[in-house]
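Subject: Structure handover

Hello,

Here is the structure for you to look at. My notes follow below it.

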Amino acid sequence: MAKKATSFFLRALEMSEGQSCNIMRRNSNATVRHLSSCGILDTRQASLPPPTASSQVVPTRNFINLSAPLITRRMEYSESRALGYSPEQMCNVVANVDQYQQFVPWCKKSKVARGKNGDIRAQLEIGFPPIVERYTSEVTVIPNHQVRALCIDGTLFSHLETLWRFTPGAAGQADSCNVEFFVTFEFKSLLHSQLATIFFDEVVKQMVNAFGARAAKLYGTSSHRLQTTSKRAT
């Protein structure tokens with residue numbers, strides 16, 4: 001009796017294990033079929049982006065500032081110098097506009113016409129190769145004190161005014177003076193206006209230096225050069 005019970009129990013256990021394995025196989029097969037039918041594996045594999053070559057961003061710099069407002073701007077510059085020449089000597093250098101072509105940077109031609117009422121008109125040609133421009137200025141001279149030039153005709157500037165003032169130097173120094181230089185200008189061309197913002201200071205300083213060098217050539221080297229101050233405004 002005991003043997004029959006044991007045999008029955010073992011048989012039942014084997015049947016239970018077999019059914020469990022079959023159920024696991026069916027569940028496993030069903031799971032695989034379910035994943036395959038939904039296309040999850042295929043979709044995940046297809047969603048991967050194809051390999052691409054690495055890219056590199058190269059910084060660039062624009063010669064013309066495109067972010068700046070597309071309008072011309074009036075620019076101003078002032079400079080004060082104490083030089084070892086008399087006010088009369090420096091005033092003569094500046095007032096002789098017809099000689100500018102001999103020493104002023106970028107001045108190709110300079111011609112002066114005097115009217116019956118004593119007014120002075122200067123016709124200047126300036127060149128920044130390959131650009132060459134001509135304009136006419138009305139020049140007013142107060143001997144030994146001031147020279148003022150105002151552009152009245154030309155295609156380059158919508159406004160151009162220069163002013164030189166000469167005052168005696170320090171006490172006890174007869175051959176010395178204080179020179180004050182002012183310039184305000186505005187180009188008609190947007191391109192010229194933006195170029196001026198890049199080269200403005202250097203151009204103006206070279207022009208002012210040219211007048212000092214001209215005085216040295218005419219009157220000899222200055223025995224003293226006291227002080228130079230400059231200021232730019234836009």
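One definition to begin with: a residue is buried under 20% relative accessible area, exposed over 50%, and partly exposed in between (1.4 Å probe, protein chains only). This is a predicted model, in which local features need pLDDT of at least 70, side-chain atom pairs count only at pLDDT 80 or more, and totals for chains, interfaces and linings use all residues. Numbering runs from 1 along each chain as its sequence is written, and side-chain values use heavy atoms, with hydrogens and water left out.

Overall layout

The protein has 4 helices and 8 strands. These are DSSP runs, numbered from the N terminus: helices are H or I with at least four residues, strands are E with at least two. Their order along the sequence is α-α-β-α-β-β-β-β-β-β-α-β. Of the 234 residues, 29% are buried. Contact here means heavy atoms within 4.5 Å. Among contacts with a separation of 6 or more, 57% join residues 24 or more positions apart.

The core

A nonpolar core is a set of buried Ala, Val, Leu, Ile, Met, Phe, Trp, Tyr and Cys residues joined through side-chain atoms within 4.5 Å. The largest one holds 39 residues. Met90, Tyr100, Phe157, Trp164, Phe166, Phe185 and Phe211 touch the most other members. At least two residues each come from S1, H3 (87-95), S3 (120-128), S4 (131-142), S5 (146-154), S6 (157-168), S7 and H4. Take Phe211. Beyond its neighbours within four places in sequence, Phe211 contacts Met90, Val93, Val94, Tyr100, Phe103, Val104 and Trp164.

The cavity

A cavity is a set of points, on a 1 Å grid over the protein atoms alone, where a 1.4 Å probe fits but cannot get out; lining residues have an atom within 4 Å of a point. Points are joined across faces, edges and corners, and the volume is the space filled by probe spheres set on them. There is 1 cavity of 30 Å³ or more. The largest cavity holds about 70 Å³. Its lining is Glu79, Arg81, Leu83, Met90, Trp164, Val179, Phe181, Val208, Phe211 and Gly212. S1 (75-83), S7 (177-187) and H4 (190-219) each give at least two of the lining residues. The lining splits into 7 nonpolar, 1 polar and 2 charged residues. Here Ala, Val, Leu, Ile, Met, Phe, Trp, Tyr, Cys and Pro are nonpolar, Asp, Glu, Lys and Arg charged, and the others, Gly among them, polar.

Loops and a strand residue

Most residues other than glycine have a negative phi. Trp106 has a positive phi near 70°. It lies in the loop between H3 and S2 (107-114) and is partly exposed at 26% relative accessible area. Asn144 also has a positive phi, of about 70°. Asn144 sits in the loop between S4 and S5 and is partly exposed at 32%. Pro143 is in the loop between S4 and S5 and is exposed at 57%. Pro143 and Pro87 are 56 residues apart in sequence but 9.2 Å apart in space, C-alpha to C-alpha.

Which residues does Thr136 touch, not counting those up to four places away in sequence? They are Arg121, Ala122, Gln123, Leu150, Cys151, Ile152 and Asp153. Thr136 is in S4 and is buried, at 14% relative accessibility.

Best wishes

Key: 1 Å grid on protein atoms, 1.4 Å probe; cavity = no way out; pocket = protein on both sides within 12 Å on 5 of 7 lines; lining within 4 Å.
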